[in-house]
Protein chains: 2
Amino acid sequence: MKEEYYRQLYRQAVKELQEALPDVAWPPSPPEEGIPAAVGQGLDLPGLIDHTALKPDTTVPAVQRLCEEAVTFGFHSVCVSPCWVKLASRLLQGSGVKVCTVIGFPHGTTTTLAKVTEAVEAVACGAAELDMVLNVGALKGRSLRRVWEEIARVREAAGEERVLKVILETALLEDVEKVLAALIAVKAGADFVKTSTGFGGSGATAEDVSLLRRTVGSRAGVKASGGIRDLATALAMVRAGANRIGTSSGVQIARELAARKGEKSLDETAAAEKRELCGDLQ
Amino acid sequence: MKEEYYRQLYRQAVKELQEALPDVAWPPSPPEEGIPAAVGQGLDLPGLIDHTALKPDTTVPAVQRLCEEAVTFGFHSVCVSPCWVKLASRLLQGSGVKVCTVIGFPHGTTTTLAKVTEAVEAVACGAAELDMVLNVGALKGRSLRRVWEEIARVREAAGEERVLKVILETALLEDVEKVLAALIAVKAGADFVKTSTGFGGSGATAEDVSLLRRTVGSRAGVKASGGIRDLATALAMVRAGANRIGTSSGVQIARELAARKGEKSLDETAAAEKRELCGDLQ
């Protein structure tokens, strides 16, 4: 994405936000700091993975296997549907692997009360991370205060110790809406912006990840998700600025990584990727 | 579907239910009464349609248009996401068109508390009909009591005056699971069983509608939904035993119907369809 085009999107987004939510201080220009250092050097890719099983027909044995794999491969978390949070929390107790769940998933069209209730219950049942879907229709209709307030309410319900990610479903958004959504999410208290549900058409693209990272700078994380099924795609997302990967192909990715580590050290790979990335940003 | 195969499914389903939920009286054999008379004669097809807009990026103007169309064409209801129930209720006040919404949609993998909360709020905001998604993973894992209790809790929360439909997502189910789910839903208090969300692979098939009608008899309605985009498909669903149609193509279907009415009276069509249908069942 051309720098001038991006700056134009950013200006338009901030203009809209200043009109819709004048009581909030919106950063007048995008952050200049680039990608946080942690992303490139000494990359622990499995440690960035939310190991995910969100299909409607996921069963107890599938959740059990997911948890076992997460421990075996050292993934950051398992990401399961709300109805399986209690089970996953019990299975992973003391393992160091976190439980992540989804709120208002996958359409984001439930009410704020429903999302808040889901968040409170998920935290009570052991979820450490909550990936909520924003109200895409409200964003598209420019009910920006509604979008902002909903995220702020879920943030409040989740409590400061939990990680809150906001799923934008970028495949459904215009470029300016991606910037708008990311700015709103971060200002409302999100710890991460996340590209996709995995159920809304196409998933993460490197270009969207880069746009989101450009917009949130080091103020928030960027989770790439949807369609990430191999190591090359996962690394492309990290290279574009992601510091979390949501995928149901974590085992495949970890195995590819282990095979590749035999060939050359991951630090070298990461350093090369960081140079490439910084090149992209300049 | 062959009668002997169906009876085998039914026997297997009842056997599983008697083991999992021995405290409930399960009907030992399928109902014999065939299709309720209301389905065939003097068919008011628009009056059977839940005019539906459930995409994640549905906006306020889209909901407004949906409501206007429902009034114009005499549809039974509009079916909107929970976040638009209040708006649709306000727009349709006094029109005779009902507001229908969805619970735990589209995956059915939220918790029972979340589904109950959604139901209570939807009713408070004016919804007359609730289409809840059952927990497919729990059904597949044969946590049949969990499936049953969840539906019963939502039934209780909705109140007896509201219409409760249970979405089975037939595309994800084995044949025996379709029978299991329909029997559980009706026993737990559902007014309708419904085939599909429209977001879970394929939608309604005439064969599934027929299987569901065969299973619930006149004890509940059958709503066909997912992929019904023209008059021929809608009529095929009615012919198979549906007495409600969920579709976002209601306007198209009503227009086709109006054009066809010029050619021959709908009552004749319906009578012919009924004869055909009863032939199928014998």
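Trainee: Why are H4(A) and H6(A) called roughly parallel to each other?

Mentor: The axes of helix H4 (residues 112-124) of chain A and helix H6 (residues 144-158) of chain A cross at roughly 20 degrees and come within 9 Å. Angles under 35 degrees count as roughly parallel, over 145 as roughly antiparallel, 65 to 115 as roughly perpendicular and the rest as oblique. H4(A) and H6(A) are therefore roughly parallel to each other. Axes here are lines fitted to C-alpha atoms, for helices over the stretch in contact, and angles run from 0 to 180 degrees between N-to-C directions. Helices are DSSP runs of H or I with at least four residues, strands are E runs of at least two, and both are numbered from the N terminus.

One note on the source: this is a predicted model, where local features need pLDDT of at least 70, side-chain atom pairs count only at pLDDT 80 or more, and totals for chains, interfaces and linings use all residues. Residues are numbered from 1 along each chain as its sequence is written, chains are lettered from A and ligands numbered from 1 in the order in which they are written, and side-chain values use heavy atoms, leaving out hydrogens and water.

Trainee: What makes B:Val14 count as buried?

Mentor: Buried means under 20% relative accessible area, exposed over 50%, and partly exposed in between (1.4 Å probe, protein chains only). B:Val14 has 4% relative accessibility, so this residue counts as buried. B:Val14 lies in helix H1 (residues 3-20) of chain B. Leaving aside neighbours within four places in sequence, B:Val14 is in contact (heavy atoms within 4.5 Å) with B:Trp26, B:Pro27 and B:Leu183.

Trainee: Which residues of helix H3 (residues 85-92) of chain B are buried?

Mentor: They are B:Val85, B:Leu87, B:Ala88, B:Ser89 and B:Leu92. Their cover includes helix H2 (60-73), S2, S3 and helix H4 (112-124) of chain B. After H3(B) comes B:Gly94, with a positive phi near 75 degrees.

Trainee: How do strand S2 (residues 77-80) and strand S3 (residues 98-103) of chain B pair?

Mentor: Two strands pair if DSSP finds at least two bridges between them. S2(B) and S3(B) have 4 bridges, in the parallel sense. The bridge partner of B:Val78 in S3(B) is B:Val99.

Trainee: In what order do the 8 strands of chain B close into a barrel?

Mentor: The order is S1-S2-S3-S4-S5-S6-S7-S8, with parallel pairing. From one strand to the next, the twist averages 25 degrees.
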